[in-house]
Amino acid sequence: MKQSFLIYGLTLAVTACLSLNASRCSAADEYDYDLVHSSVSFKARHLDISWIHGRFNDVSGKFSLDREDPSKSTFSLTIKTDSVDTANEARDKHLRQPDYFDTKQFPTITFKSTSVKPIEGGYEVTGDFTMHGTTKSITITLMGGKEHVIKGTKRVAFSTEVALKRSDFNFDPGAIGPIGDKALIMIDCEGVSK
């Protein structure tokens, strides 16, 4: 009889632990990248006298936010390189060639977080950034995180600006010159809760 009570008690304890863990897991809200209200744009110097502006039109991603334990939050983003758009068809076609993005061989640019730290007004996110077949660990500052609920759907938004050198990602050195090595990438991301 005592053994039955002991087994019953252990079962209750295990069930309680599992419920607690489930509750902790569900503490993170999950969001999908909202393409309609988000953008990934960039600019690079031309002849060191002006800026060329462009954007990527095909972007997807998701993130999870754990407000209680931000270190458990995650962020990921995927950019289709052949969606590059600089408002000039001939230039966009050239940018898809091997001396620039080489979109056939490297169809995506990706970011996947490896650690998240809360800071005032946002998060400091470190992750693996892959472009042109090269992966480097970078740290970005995501500002924002304010929630807004509209028509029963929760939305959260962030913005960041990242400075990168194309030479660090194995771009054709011959194509670096007229178009500057350094590029600024601006990301404004609005997430929609799943």
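**Entry 1: Ala175**

I looked up Ala175 and found that Ala175 is buried, with a relative accessible area of 7%. I use buried for under 20% relative accessible area, exposed for over 50%, and partly exposed for what lies in between, with a 1.4 Å probe and protein chains only. The model is predicted, so I note that local features need pLDDT of at least 70, that side-chain atom pairs count only at pLDDT 80 or more, and that totals for chains, interfaces and linings use all residues. Residues are numbered from 1 along each chain as its sequence is written, and side-chain values use heavy atoms, with hydrogens and water left out.

I placed Ala175 in the loop between β10 and β11. Helices (H or I, at least four residues) and strands (E, at least two) are DSSP runs, numbered from the N terminus. Leaving out residues up to four places away in sequence, I found that Ala175 touches Asp99, Tyr100 and Arg166; a contact means heavy atoms within 4.5 Å. The C-alpha atoms of Ala175 and Asp99 are separated by 6.2 Å, although the two residues are 76 residues apart along the chain.

**Entry 2: the whole chain**

I counted two helices and eleven strands in the protein chain. Their order along the sequence is α-β-β-β-β-β-β-α-β-β-β-β-β. Of the 194 residues, 37% are buried. Among contacts with a separation of 6 or more, 55% are between residues 24 or more positions apart.

I followed β2 into β3 and found an antiparallel pair joined by seven bridges. Two strands pair if DSSP finds at least two bridges between them. Arg45 stands opposite Trp51 in β3. The two strands form a hairpin with three residues between them, and Leu47 in the turn has a positive phi of about 55°. Asp48 is also in the loop between β2 and β3, and its phi is near 60°, a positive value in a residue other than glycine. Asp48 is exposed, with a relative accessible area of 58%.

β3 also pairs with β6 (residues 84-85), antiparallel, over two bridges. There I found Arg55 opposite Asp85 in β6.

**Entry 3: Asp102**

I checked another positive phi, that of Asp102, at about 50°, and Asp102 is not a glycine. Asp102 lies in the loop between α2 and β7 (108-119). Asp102 is buried, with a relative accessible area of 12%.

**Entry 4: pocket and cavity**

Points are joined across faces, edges and corners, and a volume is the space filled by probe spheres set on the points.

The largest pocket holds about 350 Å³. Its lining has 21 residues, and Phe42, Ala44, Leu95, Phe101 and Arg166 lie nearest the centre.

I found one cavity of 30 Å³ or more, and the largest cavity has a volume of about 280 Å³. Of its 20 lining residues, Leu77, Phe111, Ile140, Leu142 and Ile187 are the closest to the centre. The elements giving two or more residues to this lining are β4 (59-66), β5 (74-80), β9 (134-150), β10 and β11.

Conventions:
On a 1 Å grid over the protein atoms alone, a cavity is a set of points where a 1.4 Å probe fits but cannot get out, and a pocket is an open set with protein on both sides within 12 Å along at least five of seven lines; lining residues have an atom within 4 Å of a point.
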